Amino acid sequence: MDELKQTAEFFQGRKIDGKTVYGVYIFTERGSEGITMGVTNMLYNYGFEYQDPKKPYHLDGYVNSPGAVKGLEFYKALYKCCTAPGMTNAYMQEGLDAFKSGQVAMQMNWFAFFPGLYKDPNVGGEKIGFFVNPKEIQQFTQLGGQGISVVSYSDHKADALEYIKWFAQADVQKKWWQLGGYSAAKSVVDAPDFPKSAPFAPAFLKSMSIVKDFWAEPAYAALLLDMQKRVHDYVVADKGSAKEALDLLVKDWNKVFKAEGK
Amino acid sequence: MLVDKPFPPEGLQARTRSRAGARLRGLSDRTIAWLFILPTIVLLLAINIFPLIWALRLSFTNFKSNMPSVPARNVGIDNYTDILTDEDIWYAMQVTARFVFWSVGLEVLGFGLALLINRQFRGHSFWTTLILLPMMLSPAVVGNFWTFLLQPQTGLFNDIVSFFTGIPPNSFQMIGDVPLAPWTIVMVDTWMWTPYVMLICLAGLRSIPDYIYEAAEVDRASPWRQFWSITLPMTLPFLMLAILFRGIENFKMFDMVNLLTSGGPGSVTETVSITLKRAAFEKWQTGYSSALAIILFVVVFGAANIYVKALNRVKQR
């Protein structure tokens, strides 16, 4: 992480070809999930856990652990030192625009966009490289993507399940990858030629082996919105300290789980 | 031999028309008036009154509309207690109150614009149309293009401020800096809705009969005296009405704030309507958000009632 920050600081405010460039683009979006998706990449690697592994829904000391505090402080430090002006509420599209216009040296974004970036005439090809979320105490990446669900009261449940069976087939998943989609199927990613199949394939392979997800709870939305508020208040709006932000988050999440009867 | 006869027979047609006419003639004017406004009343009941009563009922439950199969449990006044003891809700109320105070206060400048527009001068129609333009745009469009204008690197606003003040354009962010973001919302709202206040005040100015000013001139009243004794008192009810409308609108302001800042940075521009939307349509806390909506309704209704009483007193003077 320190190397990431040093690289960002190197580029921050530097004039290259007559244009001022900035170090890094990271997620800061307030309205939906953006800043949470960005912050958790740091928190995980500094030792953040959602709960006590031995005692479900016991959050205190895990969500606001000293490591988690350090991770949140690091994200804020990176935001303050090394991002472009105006990126206080920025997510995927703003990152792509900033990177493709040559405004930032590095960007955080989802793998889904990397085929397009690689093909970009200005920043793609030989000019672009891809790397996994750097390790600190441990190494994880935040899980993205869309799941497939079958609606329990649908009249076409059988058809939906047939579609999933078809889509999950090895040759279909392979074709999907070739066409620019992403597959986490072992039959695709464990193939010997997979790392060479695309310039971002090695980073994707590594990332998929270390993904960590947000809460998988029915109250997902409430938990996410609480975290959006607390981390944006601290990182962007300079409200309180990292410890205070995470302590308040513990309080918010406990309230949600209590209402859920957990 | 068949004879061509109208069907129904003329006599029957005449008797039918006469019976319908008699039925209508039998109705009082009041009844006919009620018949005409009945569709509107039914619509108002269906989309205003019924939802209000239903929301009131839901506010005493823990209902979540994304889980309709889970039966709602009666929680008494727990939702109301939670809301009234929640620091974040009080903070959002303060944000909203500050926004309403400053934006409505500045929109009173519309009265000054009305005074200017009330005179005849060259290009009067052109300038009137230009002043009215912001009001004709949709809040969604306004929010979007001001977001672009306010970008510190690519937007025009920072460059214009830099031109006049010498402050480097990249050194401040109107929607990203904590002290500036609330004022940015006020500025954009004032820009958009001052013409509305101007229009209402203009209607008031145009309703003042000329003979009153003529009489004042005969009495050798100065322009300031005429303004203070004639113009202001007679336009005050209109200005107060404009303030009432804008106050109610700004209290529930959502679209522009959501587009410009999404309530950020942090929560410094999170108005209570944004909090309500998040609780209702993102967290799906239908019972809780119904309680919040009822509280807001009571606040606005109460404040509007007090204000209208004051307005009526001014009108009577």
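Student: Just after helix 8 of chain B, which residue takes a positive phi?

Tutor: This is a predicted model, in which local features need pLDDT of at least 70, side-chain atom pairs count only at pLDDT 80 or more, and totals for chains, interfaces and linings use all residues. Residues are numbered from 1 along each chain as its sequence is written, while chains are lettered from A and ligands numbered from 1 in the order in which they are written. Helices are DSSP runs of H or I with at least four residues, numbered from the N terminus. Just after helix 8 of chain B, the phi is about 80° at B:Gly166.

Student: How many residues of helix 8 of chain B are buried?

Tutor: A residue is buried if 20 or more other C-beta atoms, placed from the backbone, lie within 10 Å of its own. Helix 8 of chain B spans residues 156-165 and is hardly covered, so that among its 10 residues the count of buried ones, by that definition, is 1.

Student: Which helix gives the largest share of the side of domain 1 of chain A that touches domain 2 of chain A?

Tutor: Residues are in contact if their C-beta atoms, placed from the backbone, lie within 7 Å, and this contact takes 11 residues from domain 1 and 9 residues from domain 2 of chain A. The largest share of the domain 1 side, 3 residues, comes from helix 5 (residues 114-119) of chain A.

Note on methods:
Buried ≥ 20, exposed ≤ 12 C-beta atoms within 10 Å, placed from the backbone. Helix = DSSP H or I, 4+ residues; strand = E, 2+ residues; numbered from the N terminus. Contact = placed C-beta atoms within 7 Å.
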